[in-house]
Amino acid sequence: MDGNPHGDPALIDVADLGRLMPMFLWVAPTGHIRAVGPTLAKLCDGVVLVGLRFLDLFQIRKPQRARTMDEVRLLAGQRLHLGLREPPHTALRGLVVPLQDGQGVIVNLSFGIAAAEAVRDHALTDADFAPTDLTVELLYLTEVKAAVMGELAALNMRLRTAQRAAEEQALTDALTGLANRRALDAALGRVLDAVAWGGKGFALLHLDLDFFKAVNDTLGHAAGDLVLTHVASVLRRATRKQDTVARVGGDEFVMILPGPVDEAMITTISHRIISELEVPVTFKGKPCRISGSIGATLSTHYDRPDADRMLSDADAALYVSKRRGRAQYTIHAPGRHLPEDKRAVPDGR
Amino acid sequence: MHGLVNRSVQWFLRDTYGVALWTSVAEAAGIDPNGFEALLVYDDGLTDAMIDAAARQLGKPREALLEDIGIYLVGLEPLRRLLRFGGVDYADFLQSLDELPDRVHLAVPELDMPGLELKTTGPGRYTLICAADHDGFGAVFAGILRAMADDYGALVLIEAGGKGGAETVGIELLEAQFATGRRFDLARPEGA
């Protein structure tokens, strides 16, 4: 007859039990260890466990602490969280199963999620695990996951670098390396947002070169390009790191100067820019003479500053500078129909 | 072919023969000299073009080159470790090869490996059958099995054979512990 209709107990040798469950304990009703699996013995570093008390070596933490064998027996069938009382305090999971005829209990243990650490701490090998145990597969997966994550991180880094380079190209004027129209719009959006959140405001300067067409027509485009590059370096020198300098047309430039900026500062900067632009650069031995006209406006002149309105006011102020004979700067004045203008270089031009 | 496969070939060529050869192979095969991304999938034709160009430029038979790639792969410590998880000794490792495609899928689901089946043909004699759409895996596995035998310290005779979708590798295990194998700890040392 197959099967076991009478529920006879299976008699098994302790060594075979160790093969099935290399981390088992057989604990007598008195709480003394009667037998132990080979891997668990290895965990306790040569200390002979047989004869010692189970609860002196292991601390049961969950589902609740157990201090006596009666309390241990009450936890039968539940998943236990326990640990070695001695360093390295290896965390374990366990299951208690009572034996028949007052023979005590079998406790089977395994490593939880920290298996890799336990394997390292106790120098365990493949042979320390039952062939049915998946702990080694868990270690394999941990390692392979780390390798794949490493590759992903490296890929992300390369993609981010490429993305930054592409963004920079998309926002830069190729000839001068200044910001382009798109970058200007973005920067203007940012400073306007800052104002809306209670920031200190900003100034907007619109510069148009004077006599640039003459340089282009008489000395050629190469001379024109040289002049534009020179203008870019003048503007970079005249502005701070947090300012935006953009080339928005053939010979038109717009600057955003964030922070508390007043008319006196605009005066200083405009003077400096115009006088430096007037120092000629030499192209093939010939001087390229240009100047510049500037129109400016300040966000503090508006209740609710707006990009289009400010750009158009700066443009109108620039027009006034041009009309007044070039090499001038003009600050748009709110409420006044004709903006006030000032000589940029007062000494007799 | 998966980027991991392509990049293995790229690194093998670069590490073994130098950047100049890799660049010239990449050019001949129409590949970006920066090579492949490990986690992207590429057209199969690219892999063949790369291997053919390398074999031609090195004046080496394609099979010999593929076998060298297999040996090179086992020389990469992370890969050697993952293969050593397969078994406690060389015979155990051989028996784990059937599971290798599934193990690889656990790690990288997009990476399709050839189907592997190990047949025991006599005492210490085995045949590994590689079922793939693609020729050449047999030779790569011959290299891998040769290098892993050294790693375990086993003495073996290995011979690649078969063709067209069912390549085979014959393995004769002469001595399981011929030399001291390389050390393998289940858990990597901390920080490694």
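In the predicted model, 18 residues of chain A are in contact with 16 residues of chain B. The greatest contribution comes from α6(A), which supplies 11 residues to the side that touches chain B. Sorted by class, the residues on this side of chain A comprise 13 nonpolar, 1 polar and 4 charged.

Helix packing was examined within each chain. In chain B, helix α1 (residues 3–17) and helix α3 (residues 44–58) have axes that come within 10 Å and cross at roughly 20 degrees. Angles under 35 degrees count as roughly parallel, and α1(B) and α3(B) are therefore roughly parallel to each other. The crossing of α1(B) past α3(B) is left-handed. From α1(B), the residues B:V5, B:N6, B:V9, B:L13 and B:Y17 take part in the contact, and from α3(B) the residues B:L46, B:T47, B:M50, B:I51, B:A54 and B:L58. This set of contact residues in α1(B) and α3(B) consists of 9 nonpolar and 2 polar residues, with no charged ones.

The crossing of α9(A) past α10(A) is right-handed. On the α9(A) side, the contact involves A:V231, A:V234, A:L235 and A:A238, which meet A:I269, A:R272, A:I273, A:E276 and A:L277 of α10(A). By class, the contact of α9(A) with α10(A) contains 7 nonpolar and 2 charged residues and no polar residues.

Chain B also contains an open sheet of 4 strands, arranged in the order β1-β2-β4-β3 with antiparallel pairing. The edge positions are taken by β1 (115–122) and β3 (155–163) of chain B; each has a single partner strand, so one side of each lacks a neighbour in the sheet. On average, and with direction ignored, neighbouring strands of this sheet are turned by 20 degrees against each other. Within chain B, strand β2 (residues 125–131) and strand β4 (residues 166–175) run antiparallel and are joined by 7 bridges. One of the residues placed by this pairing is B:R125, whose bridge partner in β4(B) is B:E172.

In chain A, strand β9 (residues 252–258) pairs with both β7(A) and β8(A). Strand β9(A) is mostly covered, with 6 of its 7 residues buried. Strand β7 (residues 202–210) of chain A runs antiparallel to β9(A), and 7 bridges join the two. In this pairing, A:L207 stands opposite A:F253 of β9(A). Strand β8 (residues 244–247) of chain A is likewise paired with β9(A) in the antiparallel sense, over 4 bridges. Here A:T244 lies opposite A:I256 of β9(A). The strands β8(A) and β9(A) form a hairpin, and 4 residues lie between them.

Note on methods. Residues are numbered from 1 along each chain as its sequence is written. Chains are lettered from A and ligands numbered from 1 in the order in which they are written. This is a predicted model: local features need pLDDT of at least 70, side-chain atom pairs count only at pLDDT 80 or more; totals for chains, interfaces and linings use all residues. Two residues are in contact if their C-beta atoms, placed from the backbone, lie within 7 Å. Ala, Val, Leu, Ile, Met, Phe, Trp, Tyr, Cys and Pro count as nonpolar, Asp, Glu, Lys and Arg as charged, and the others, Gly among them, as polar. Axes are lines fitted to C-alpha atoms, for helices over the stretch in contact, and angles run from 0 to 180 degrees between N-to-C directions. Angles under 35 degrees count as roughly parallel, over 145 as roughly antiparallel, 65 to 115 as roughly perpendicular and the rest as oblique. A crossing is left-handed if the near helix is turned anticlockwise from the far one by less than a right angle, and right-handed if clockwise. Two strands pair if DSSP finds at least two bridges between them. A residue is buried if 20 or more other C-beta atoms lie within 10 Å of its own, exposed if 12 or fewer, and partly exposed in between; C-beta atoms are placed from the backbone.
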